[in-house]
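User: Can you walk me through this one? Keep it simple, please.

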Amino acid sequence: MPELHDQVPTREKVLIIGAGPAGLAAAAALKALEVPFDLVDRAAHVGGIWDVEREDTPVWPAMEMVSSTAFTQYEDLVQPVSFPDFLSPGQMGKYLRAYAARHDLTAHFRPRTEVRSARPFGQGVWEVEMSTGEIGIYAAVISAHGISERPHRPAWADDVPESVTVLHAKEWTGPDGLEGKRVLVVGAGQSGADIAVDAARRALEVRWAMRSGHWVVPRHIGSMPGDVAASREPAVLGQLNQKIAETVISRAAGDPASAGLPRPRQGLLEDEMIVSDDLLDRVREGRITPTGAVTGVRADGSLVYAEDEGAGYAPDVIILATGYETGADHLPEEVIPRTSTGELDLFLGAFPRGRDDLIVLGQHRVTGGVLPILVEQADIAAYLLRGVRDGSPAVERFRRLRGAGDAAALPPQAPRGGLLGRVSGALGTAASARRPVSAIRPGDGQLVPFADRDQLLERLRSVRCLFT
């Protein structure tokens, strides 16, 4: 006998695009509130980028996660005790498949189905074209496509000679084949650091081009995962907490500047810190050589650096760990207006202003586990869509808050716990009152922004309380 959800016409359903952590959180929340939905993904399995069998994933088999299991799990399904503190991509993929099975989300899942376009025709009417050739009408769309759909390439990369192999970080699969090669990794963030360490295992030489320095923190402080240790630090210590944290990290891992990296421009608790157990050692050993930012390419193929215009260097391989641009190929650009800086105008990083029938999950980078943020956004999305369907007065309260902006959503103290009792957690809580939710450097408005994780979590939790 057909499943009940199959008997509901698509015009009464929500379409979830993407079956990664955000899409699964949205599916579980909608199911808990009895809102009908379909879940589609171009891949053959659920798991998003953590499906190691898909070819378009930006993760690679040897990559190790930077947030521990305590902050990389749903509270209603803890990670297996046999798993290590920091998972491999394959282990995370297994966990997400188990979560989908626990909530019977695979019954709603359509694999190998890509959304070519999703176009709105007024509120509550979306025309969706699938890669199968089907065209359906849906009541709402939750786009959980992630942040790695649009790799960013700096303008100078187009001038690199064809003799040099140029890859984006999304295409990195590991260091095999780099023996005897000179490698340049571009980008000072977590991906750049991870790839530089990985490349140094095989390459003849690895240079790491960056325009700013960051703190480097180990995965463990003593025997405890670093993010768990950070969550237990008392935020009331304020600035003193930052000094304590910097002292602890410097003793545990070493000072980045002393190792040879650029000095961090911000304090530890405001920084987009890098989590790595090996980076500073590889720099000290000379297997990774930091350089200034690349600004151009000479006619002979050598690179021009901002801090040393006379230094020429012609690598064999360039890996661009230069981030990703915001937006989604399946959505019309005008559906989500942009701010004056070019950033997507999304309330709390997920809710387009003026639309109740479109949610775009996970459009921020954060330090620490992002899963609690995705879950909170998914919970609010489910409450909002049910409220619109049922005519709940909470929807109007949400609209007023959405119109007022993110700052209006921060209460003195927000309660914890989500729709399904998800993990709360905290990392770097002392920074929450000092750093803005979204921090964009000049000229970077098109890139996925960095957000203060705990401040964003507090705001999301306060908004969820409008519906509960």
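Analyst: Let's start inside. Strand S18 is covered on both faces: Val317 and Ile319 on one side and Ile318 and Leu320 on the other are all buried. Buried means under 20% relative accessible area, exposed over 50%, partly exposed in between, with a 1.4 Å probe and protein chains only. Strands (E, at least two residues) and helices (H or I, at least four) are DSSP runs, numbered from the N terminus.

User: Where do the numbers come from?

Analyst: This is a predicted model: local features need pLDDT of at least 70, side-chain atom pairs count only at pLDDT 80 or more, and totals for chains, interfaces and linings use all residues. Residues are numbered from 1 along each chain as its sequence is written, and side-chain values use heavy atoms, leaving out hydrogens and water.

User: OK. What is the strand order in the open sheet of five strands?

Analyst: The order is S8-S18-S9-S10-S15, and the pairing is parallel. Two strands pair if DSSP finds at least two bridges between them.

User: Which are the edge strands?

Analyst: Strand S8 (165-168) and strand S15 (289-291), each pairing on one side only. Neighbouring strands of this sheet are turned by 20° against each other on average, direction ignored. Axes are lines fitted to C-alpha atoms, for helices over the stretch in contact, and angles run from 0 to 180 degrees between N-to-C directions.

User: Back to S18. How many bridges join it to S8?

Analyst: Four, and the two strands run parallel. Val166 stands opposite Ile318 in S18.

User: And which residues face S18 from S9?

Analyst: Strand S9 (residues 182-186) pairs with S18 (residues 317-320) in the parallel sense over four bridges. Leu184 has Ile318 as its bridge partner. Val185 stands opposite Ile319.

User: Which helix packs on that sheet?

Analyst: Helix H3 (residues 190-199) does, touching S9, strand S10 (205-209) and S18. The direction of H3 makes about 170° with that of S10. Contact means heavy atoms within 4.5 Å.

User: New topic: helices. How do H8 and H10 meet?

Analyst: The axes of H8 (residues 371-390) and H10 (residues 453-464) come within 10 Å and cross at roughly 20°. That makes H8 roughly parallel to H10. The cut-offs: under 35 degrees is roughly parallel, over 145 roughly antiparallel, 65 to 115 roughly perpendicular, and the rest oblique.

User: Which residues make the contact?

Analyst: Pro372, Ile373 and Glu376 are among them on H8, and Leu456, Leu457 and Leu460 are among them on H10.

User: Left-handed or right-handed crossing?

Analyst: H8 passes H10 in a left-handed crossing. A crossing is left-handed if the near helix is turned anticlockwise from the far one by less than a right angle, and right-handed if clockwise.

User: What about H1 and H8?

Analyst: They pack at an angle of about 40°, with their axes 8 Å apart. H1 passes H8 in a right-handed crossing. Ala22, Ala25 and Ala26 are among the H1 residues there, meeting H8 residues including Leu371 and Leu374.

User: What does H2 pack against?

Analyst: The buried residues of H2 pack against helix H1 (21-32). Those buried residues include Met92, Tyr95 and Leu96. Just after H2, Asp104 takes a positive phi of about 55°.

User: Last one: what's the overall tally?

Analyst: The chain comes to ten helices and 23 strands. Buried residues make up 56% of its 468 residues. Of the contacts with a separation of 6 or more, 69% are between residues 24 or more positions apart.
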